[in-house]
Amino acid sequence: MTKKRLVMFRAAVRLSVSGVRSLTRSRPQYAAPLAARCYSHGKQETDEEFDARWVSYFSKPDIDAWELRKGMNTLIGYDLVPEPKILEAALRACRRLNDLGSAIRILEAVKDKAGPHKEIYPYLIQELRPTLNELGISTPEELGIDKA
């Protein structure tokens, strides 16, 4: 290396090292913005509107298996146990698709969603019993798969 290049190389290394040191020692000159709560001013959906929306979703005559699973996964993700009329529409969609496995899975998911509230699942089965009989769908307990 020539002397001129060596001097330039040293100067570049010195600047880069001092630059890195200054970056590691300096504090940011900005403050993080405080979290602000943004409340929605939109219209709140009533329970009846919520139920009607899901009943109409599952009552679509052209619903396919993917839409059925997507809808149930979304519905089960909410912090609630679906009303019997929503479950009835979902079970009827399973019947239209000839998908017994999804119907059983819906009942299992609802039982799991009820959690420690032991009175919810029997109530739902009682309310759904006419629909289950009409559609020929057995509960997981009747099939003996709840013990597995």
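Contact here means heavy atoms within 4.5 Å. With that cut-off, serine 102 is in contact with Leu68 and Cys94, leaving aside its neighbours within four places in sequence. Serine 102 sits in helix H5. Helices (H or I, at least four residues) and strands (E, at least two) are DSSP runs, numbered from the N terminus. At 13% relative accessibility, serine 102 counts as buried. Buried means under 20% relative accessible area, exposed over 50%, and partly exposed in between (1.4 Å probe, protein chains only).

This is a predicted model, in which local features need pLDDT of at least 70 and side-chain atom pairs count only at pLDDT 80 or more, while totals for chains, interfaces and linings use all residues. Residues are numbered from 1 along each chain as its sequence is written, and side-chain values use heavy atoms, with hydrogens and water left out.

Now the whole chain. It has 7 helices and 0 strands. Along the sequence the pattern reads α-α-α-α-α-α-α. Of its 148 residues, 24% count as buried. Among contacts with a separation of 6 or more, 62% join residues 24 or more positions apart. The chain exposes about 11100 Å², and carbon and sulfur atoms supply 57% of that area. Accessible areas come from the Shrake-Rupley method with a 1.4 Å probe; for residues, only the protein chains shown count as cover.

Next, the interior. A nonpolar core is a set of buried Ala, Val, Leu, Ile, Met, Phe, Trp, Tyr and Cys residues joined through side-chain atoms within 4.5 Å. The largest one has 25 residues, of which Phe58, Leu75, Leu91, Ile106, Leu107, Leu132 and Ile137 touch the most other members. Two or more residues of this core come from each of helix H2 (47-58), H3, helix H4 (84-96), H5 and helix H6 (120-135). H4 gives the largest share, 7 residues.

Leucine 91 touches Ala103, Ile106, Leu107, Leu128, Leu132, Leu135 and Ile137, not counting residues up to four places away in sequence. Leucine 107 lies in helix H5. It counts as buried because its relative accessibility is 2%. Beyond four places in sequence, leucine 107 is in contact with Leu91, Tyr121, Ile125, Leu128, Leu132, Ile137, Ser138, Thr139 and Pro140. Leucine 107 and glutamate 141 are 34 residues apart in sequence, yet 10.0 Å apart in space, C-alpha to C-alpha.

Serine 102 leads on to the largest pocket. The lining consists of Leu68, Arg69, Met72, Asn73, Ile76, Ser102, Arg105, Ile106 and Ala109. Helix H3 (65-77) and helix H5 (100-114) are the elements that give two or more residues to it. H3 supplies the largest share, 5 residues. By class, the lining has 5 nonpolar, 2 polar and 2 charged residues. Ala, Val, Leu, Ile, Met, Phe, Trp, Tyr, Cys and Pro count as nonpolar, Asp, Glu, Lys and Arg as charged, and the others, Gly among them, as polar. On a 1 Å grid over the protein atoms alone, a pocket is an open set of points where a 1.4 Å probe fits, with protein on both sides within 12 Å along at least five of seven lines; lining residues have an atom within 4 Å of a point.

Finally, the loop between H4 and H5 holds asparagine 98. Its phi is near 55 degrees, a positive value in a residue other than glycine. Most residues other than glycine have a negative phi. At 60% relative accessibility, asparagine 98 counts as exposed.
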